[in-house]
Amino acid sequence: MALTVVSGNGRAWRLTEQIGSGSEGFVYGVEDTRPLVAKLVPDPPDPEAFRRRVARLVRQRREPRTVELLSGTPVRLSWPLVPVRTAGGGPERVDGYVMTDMRHAYQPFSHLLDPHARRAHLPAATWATALCAALALARLLARVHAEGYVVGDLKPDNLWVDETGRIGMADVDSWQFTDGRDTFAGRMRTPGYTAPERIAAPAGAPPDSASDDFALAVLVHQLLVAGLHPFAGHPAGGGCLRDYTSYDDNVVHGRCRLLDRTSVLLPRSAPPADLLPRPLAEGFRAAFAPAGRRPTAAGWARSLAAELAPGRLKVCAVNARHVHTVERPWCPWCDQAGQGFDSYPDDPREDA
């Protein structure tokens, strides 16, 4: 049976197919002339707190700091537009909100990270596209921080991208923000995108902009290294291979190819470790080292913009889709292809 949701003033929307789900809720298409979706959260830990959070975010849309974030086309943030609940009332009603449907302007961020999805959905993408996406993400996060918001759970599932590298964000309801004298703490975190200090903290410890900056560094690395997580790999050391536990275990113990090439073992098909320009590689080391000075989103934006400056990119003479930094005298993607896998093949329809 089709679901219907209603707002506080009685406006009703008919929901269509379920298009997504996460740890907290479900996202449905909405019958409307505008591109809208609805997120429903059946069992929030504190229903009243969830309703209050959504109502405050809706009110924040009128605040100058949020108006600035929501300006531009296409919209960069899928912000809650109006609180809703399933029709019928009663104890079984489900609360949620209506927001912009990012699918009308973007594709899932994972399409740019996964080589197979990239060939199918973004066949014209090159390393330059990944650089543009990394820059757009860093600039957007820098603006979010400048306006006093903390994402708290920055990860691929919350992000969107288009063929030019423009970036959008969703799941704003999990952000940390203040409204008047009230603070609405961030409450979510995802393995592999959680800063080491948050991994070690008690459950429910609030995030801050520095923990967002760690997640940003992970995502920028994935964009620029063909989807490879910086803490991927089986732990190695002392002449033996240890059992893989998790990304977070590698994060806590500093097992990262950029920090120590002997700390993890990766498949031979992984992109070369030296494909990154020196300034970006140094930024990653600072972001991931236990005692490093973690670059901010604004700092990443400056570094990435410099790598997109005229003369900083080179096109491979063998494959025009192999774009790389001029600092590298030969093509890193051809090196990878020599190991049996090409992240940016000349023919995007060619199987890996």
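Predicted model: local features only at pLDDT ≥ 70, side-chain atom pairs only at ≥ 80, totals over all residues.
# Reading contacts, strands and side-chain pairs

Colleague: Where is glutamine 176 found, and does it count as buried or exposed?

Modeller: Helices (H or I, at least four residues) and strands (E, at least two) are DSSP runs, numbered from the N terminus. In those terms, glutamine 176 belongs to the loop between β9 (167–169) and β10 (177–179). Buried means under 20% relative accessible area, exposed over 50%, and partly exposed in between, with a 1.4 Å probe and protein chains only. Glutamine 176 counts as buried because its relative accessibility is 14%.

Colleague: Which residues is glutamine 176 in contact with, leaving aside its neighbours within four places in sequence?

Modeller: Contact means heavy atoms within 4.5 Å. With those neighbours left aside, the partners of glutamine 176 are Gly148, Tyr149, Val150, Phe184, Ala185, Gly186, Pro206 and Pro207.

Colleague: How should I read the pairing of β4, and which strands are involved?

Modeller: Two strands pair if DSSP finds at least two bridges between them. Strand β3 (residues 26–30) runs antiparallel to β4 and is joined to it by four bridges, with glycine 29 opposite valine 37 in β4.

Colleague: How many residues of β4 are buried, and which lie on each face?

Modeller: Six of the six residues of β4 (residues 36–41) are buried. One side carries Leu36, Ala38 and Leu40, and the other Val37, Lys39 and Val41; both faces are covered.

Colleague: What is the general idea of a salt bridge, and how many does the whole structure hold?

Modeller: Side chains of opposite charge can pair when their charged atoms come close. The criterion is a side-chain nitrogen of Lys or Arg within 4 Å of a carboxyl oxygen of Asp or Glu. A search of the whole structure finds 25 such bridges. One of them joins arginine 56 to aspartate 179, with closest N and O atoms 2.9 Å apart. This pair links distant parts of the chain, since arginine 56 is in helix α1 (residues 47–60) and aspartate 179 in strand β10, 123 residues apart. Arginine 56 counts as buried at 17% relative accessibility, and aspartate 179 counts as buried at 4%.

Colleague: Which residue pairs with glutamate 327 in a salt bridge?

Modeller: The partner of glutamate 327 is arginine 278, at 3.6 Å from N to O. Glutamate 327 lies in the loop between β16 (323–325) and α11 (332–337) and arginine 278 in helix α9 (residues 278–288), so the bridge ties together parts 49 residues apart in sequence. Glutamate 327 counts as partly exposed at 25% relative accessibility, whereas arginine 278, at 55%, counts as exposed. Salt bridges can also form a network, as they do among Glu24, Lys39, Asp171, Asp173 and Arg187.

Colleague: How many aromatic pairs are found in the whole structure?

Modeller: A pair of aromatic rings is described by the distance of the centres and the angle of the planes. Rings of Phe, Tyr and Trp (its six-membered ring) pair if their centres lie within 6.5 Å; planes under 30 degrees apart count as stacked, over 60 as edge-to-face and the rest as tilted. The search of the whole structure finds 11 aromatic pairs. Among them, tryptophan 79 and tryptophan 175 are edge-to-face, 5.7 Å centre to centre with 90° between the planes. Tryptophan 79 is in the loop between α2 (64–70) and β5 (82–86) and tryptophan 175 in the loop between β9 and β10, 96 residues apart. Both tryptophans are buried. Trp79 and Trp175 belong to one aromatic cluster with Tyr149, Phe177 and Phe184.

Colleague: Which charged end sits over the ring of tyrosine 149?

Modeller: A charge sits over a ring if NZ of Lys or CZ of Arg is within 6 Å of the ring centre and within 35 degrees of the ring normal. For tyrosine 149, the charged end is that of arginine 65, 4.1 Å from the ring centre.

Methods
Residues numbered from 1 in each chain as written. Heavy atoms only, no water.
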